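Hi,

Here is the structure I promised to pass on. Have a look at the backbone first, then read my notes below.

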Amino acid sequence: MTAQTCHIPVLVWGGGTGGVAAAVQAARSGADTLLLTPGRWLGGMVSTAGVCCPDGNELAPWQTGLWGAFLRALYQAEPEGLDQNWVSCFGYRPTTAEAILQNWVQALPNLQWWADCQLLDVERSGSSVQAVLIQRSSDVHRIVCDLVIDGSDRGDLLPLAEAPFRFGWEAEEVWGEPSAPSEQRLKTEDFFREQPVQSPTWVVMGQLQSDRLEPDASSNILLPDQPVLPAPFERACEAFGLERTITYGRLPGGLVMLNWPLHGNDWHRGLEPAFRGDPQREAELFREMQAHSLQFVEALSEASDGWLAFGHGFPQKSGSLAPWLAAMPYWREGRRMIGLRTVIEQELLPQTTGQSIAALPLNDAGELQSIAVGNYANDHHYPGPDWPLTPKSCRWGGRWSGTPFCIPYQALVSADVDNLLVADKGFSTSHMANGATRLQPLIFNVGQAAGAAAALSIRLRHPLASLPVRLVQELLIEEPTAPSGLVPLWDTPWHHPHWQQRQRACLNNPELLGPNGCWLGPEEKVSISPPPQPQQGVWSGTLVPDHHGGYELELVGGRRWPLITLEPELSDWLADQERPKAVELRAVANPWGPWLRGISLHDSGDSQ
């Protein structure tokens with residue numbers, strides 16, 4: 001079959017979260033861009049895979065870039081709000097996320113999107129990719145490109161482009177990572193051969209048949225706390241009970257994301273076909289994963305006497321086989337490119353106890369190389385007991401949050417292929433670090449940085465490896481629609497009036513960022529008022545600190561709500577309170593947490 005040849009400056013393969021972000025930002029930055037996706041939907045884990053309760057970057061200082069823009073678009077598009085579950089501060093429907101992403105793509109005249117593409121081959125000449133071959137319907141296309149970005153969840157382009165990559169575990173002896181296994185264990189224990197990457201999950205959507213289980217309601221379903229579940233799910237409710245297991249990932253409208261790691265629907269067996277280019281064996285694996293997740297929902301439905309049923313979360317146009325099945329698996333890990341720099345576990349860990357930041361990625365000249373900030377704790381999914389990981393969390397705002405860390409630009413650039421960037425979770429990290437770098441919010445902004453770098457490289461005709469990082473950083477913090485934070489300032493939320501000035505000042509002089517992540521520059525008297533949020537109300541009562549970093553609001557009548565916040569100013573105020581105190585707060589109630597998410601102090605108005 002003769003291939004049709006065309007040319008595009010920036011080619012992005014893969015519908016992952018980072019791939020879509022890279023394509024959008026490359027086009028917004030002026031580069032003609034073509035986005036190729038294997039399925040019919042965009043978004044990867046944030047929509048197509050149904051992982052609709054994002055983890056990481058939940059605090060207002062880290063709600064920047066395309067992640068922040070996505071979050072604020074979700075608030076506008078979900079009238080019930082995002083405070084819907086207890087695993088995340090955000091819950092939304094897959095269709096809502098997909099509509100936002102497709103609107104972004106369709107609004108850009110210099111961005112083309114081809115769906116339902118099959119990746120056939122990559123042509124490489126010397127140290128550069130020359131073209132990518134794909135099949136679309138009955139046509140084969142040879143797409144010549146100046147620069148190519150892998151935006152897939154599994155690093156699809158890397159083996160075809162003969163770009164060096166890592167797959168699986170690295171021994172402690174390689175980088176001295178404190179949570180990595182020894183070389184001796186890797187050689188002698190079958191576990192590491194049988195479980196080369198973190199376990200994926202095939203997300204299934206459930207639907208609650210009533211909005212709330214009220215203790216005194218005559219129609220209430222009596223749920224056993226520890227139900228008898230069939231194998232292999234016998235211990236699924238052991239840690240949290242049946243109701244909490246089911247409502248872990250509740251979404252608007254009582255839809256429920258079933259992505260349960262504790263003896264639930266994570267998949268731990270026979271992952272090799274997903275990485276060997278054998279479509280038939282991969283399809284068999286996918287059927288087994290889907291059946292496993294469906295059995296999990298059926299077990300929970302029977303145990304809850306039908307309170308949980310299958311839910312309609314994925315329309316046929318998503319490519320799903322059924323309305324409750326995600327159109328693709330949730331891949332936590334795949335191939336990881338070998339880049340100019342590799343992010344390792346130590347670079348994610350706090351420098352001091354309590355509120356802190358990880359070590360900044362500086363070059364030999366002392367210049368900050370960061371292109372994105374993440375803060376997820378570290379989380380690895382395997383069969384059996386939890387893998388012991390070095391802690392990197394602290395109490396903040398009445399809850400636990402992760403130490404912020406930076407991703408250096410050089411981790412996105414291939415060490416071997418001159419015109420290749422990676423925009424999704426396959427950028428250059430160690431296996432251990434991947435547990436903290438793979439989450440949706442950070443990948444949004446890593447992808448955004450890859451797109452910005454691609455556009456700059458094309459415009460300046462400058463190689464990726466030596467592209468001035470400061471130019472990429474300037475483009476990101478000045479981005480008109482989604483300015484992205486590069487410096488982990490705990491005390492400077494995205495809506496701070498001097499956010500941009502502080503980001504730039506810390507780029508010029510990293511010493512303005514203290515070891516606890518606070519601004520050390522000139523003191524400024526400014527009013528920081530978080531913007532109004534849907535579902536917010538005014539709550540009055542007595543603030544009760546527990547002296548262990550937690551807080552409650554006791555209402556008239558005696559009911560107590562746990563109180564958290566994502567806002568630095570309110571967090572600092574709460575930390576100063578040592579005794580019970582009458583307060584009025586702007587807050588959003590999350591009965592499924594359950595908690596109040598405080599936004600700011602309130603001086604007047606009606607109370608709840």
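A quick word on terms first: helices (H or I, at least four residues) and strands (E, at least two) are DSSP runs, numbered from the N terminus. This is a predicted model, so local features need pLDDT of at least 70 and side-chain atom pairs count only at pLDDT 80 or more, while totals for chains, interfaces and linings use all residues. Residues are numbered from 1 along each chain as its sequence is written, and side-chain values use heavy atoms, with hydrogens and water left out.

Now the backbone. Most residues other than glycine have a negative phi, and most peptide bonds are trans. Here are some exceptions.

Cis peptides: Ala231 and Pro232 are joined by a cis bond with omega about 5°. Pro232 sits in the loop between strand E8 (204-208) and helix H8 (241-247). Another cis bond runs from Gly593 to Pro594, where omega is near -10°. You'll find Pro594 in the loop linking strand E20 (581-590) and strand E21 (595-601).

Positive phi: Asn57 isn't a glycine, yet its phi is positive at about 50°. Look for Asn57 in the loop between strand E2 (33-36) and helix H2 (65-77). Ser137 has a positive phi too, near 60°, and belongs to the loop between strand E5 (128-136) and strand E6 (139-150).

Are these two buried or exposed? Buried means under 20% relative accessible area, exposed over 50%, and partly exposed in between (1.4 Å probe, protein chains only). Asn57 is buried, at 2% relative accessible area, whereas Ser137 counts as exposed, with 67% relative accessibility.

Cheers
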